[in-house]
Amino acid sequence: MSAKKVTLVNKEVLNLFQGLLAVKEMKGSRFAILVAKNLKEMKKVLDPLDAMAIPTQEFQELSVEMNKLIEAEDGEAIKKLEETNSELIDARKEQLEGVNSKLEESSEVYIYSIKEDQLPEDITGEQIERLLEIIE
């Protein structure tokens, strides 16, 4: 069972990763091994993107404050908080734009193909649809 190196847009890697996460609890030792190996390989591409997306401590604190005001439906206080923290909010928007930009870039990733006869009997069409790129 060998992997083949493919070039995918990071967004495609993320979609495949999410599809694999959705089936990782299904029975079938061969299937489970292939799912785990693919997840491990894809994490090498996705972990740095996850790290890029982590908000700063200051922004997290602002977010908590903002959520309290939203729950209280205090529009005036929300507006004031946004105005006094505009630099922090803009920095977060830039950070997320950077992550989105990285999602549009391509990466090389090793993929372990899954043969049709290795698929669990109880897998659904919806689950298969997300994995089509790696099913032989």
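The legends below describe close-up views of helix packing and salt bridges in a predicted model.

**View 1. Packing of helix α1 against helix α2.** Helix α1 spans residues 10-23 and helix α2 residues 29-53; their axes lie 9 Å apart, at an angle of about 140 degrees. The two helices are therefore oblique to each other, an angle over 145 degrees being needed to count as roughly antiparallel. The crossing of α1 past α2 is left-handed. On the α1 side, the contact is made by Asn10, Val13, Leu14, Leu16, Phe17, Leu20, Leu21 and Val23. The α2 side contributes Phe31, Val35, Asn38, Leu39, Met42, Lys43, Val45, Leu46 and Leu49. Sorted by class, this contact has 14 nonpolar, two polar and one charged residues.

**View 2. Packing of helix α3 against helix α4.** Helix α3 (residues 57-72) packs on helix α4 (residues 75-84) at an angle of about 160 degrees, and the axes are 9 Å apart. That angle makes α3 roughly antiparallel to α4, since angles over 145 degrees are classed this way. Here too a left-handed crossing is found, with α3 passing α4. Leu62, Glu65, Met66, Leu69 and Ile70 of α3 meet Ala77, Ile78, Leu81 and Glu82 of α4. The contact of α3 with α4 comprises seven nonpolar and two charged residues, and no polar ones.

**View 3. Salt bridge between Lys11 and Glu104.** The structure holds five salt bridges, and one of them joins the side chains of Lys11 and Glu104, at 2.4 Å from N to O. The partners come from distant parts of the chain, 93 residues apart: Lys11 belongs to helix α1, and Glu104 to the loop between α5 (86-103) and β2 (106-111). Lys11 counts as partly exposed because its relative accessibility is 38%. Glu104, at 48%, also counts as partly exposed.

**View 4. Salt bridge between Glu105 and Lys102.** The side chains of these two residues meet at 3.6 Å, N to O. Glu105 has 36% relative accessibility and so counts as partly exposed. Lys102 is likewise partly exposed, with a relative accessible area of 32%.

**View 5. Salt bridge between Lys115 and Glu136.** The closest N and O atoms of this pair are 4.0 Å apart. Lys115 sits in the loop between β2 and α6 (125-131), whereas Glu136 is in the segment after α6; the pair links distant parts of the chain, 21 residues apart. The relative accessible area of Lys115 is 44%, so Lys115 is partly exposed.

Note on methods. Residues numbered from 1 in each chain as written. Predicted model: local features only at pLDDT ≥ 70, side-chain atom pairs only at ≥ 80, totals over all residues. Heavy atoms only, no water. Axes fitted to C-alpha atoms, helices over the stretch in contact; angles between N-to-C directions. Helix = DSSP H or I, 4+ residues; strand = E, 2+ residues; numbered from the N terminus. Parallel < 35°, antiparallel > 145°, perpendicular 65-115°, else oblique. Left-handed = near helix turned anticlockwise from the far one by under 90°. Contact = heavy atoms within 4.5 Å. Nonpolar A, V, L, I, M, F, W, Y, C, P; charged D, E, K, R; others polar. Buried < 20%, exposed > 50% of the residue type's maximum accessible area, 1.4 Å probe, protein only.
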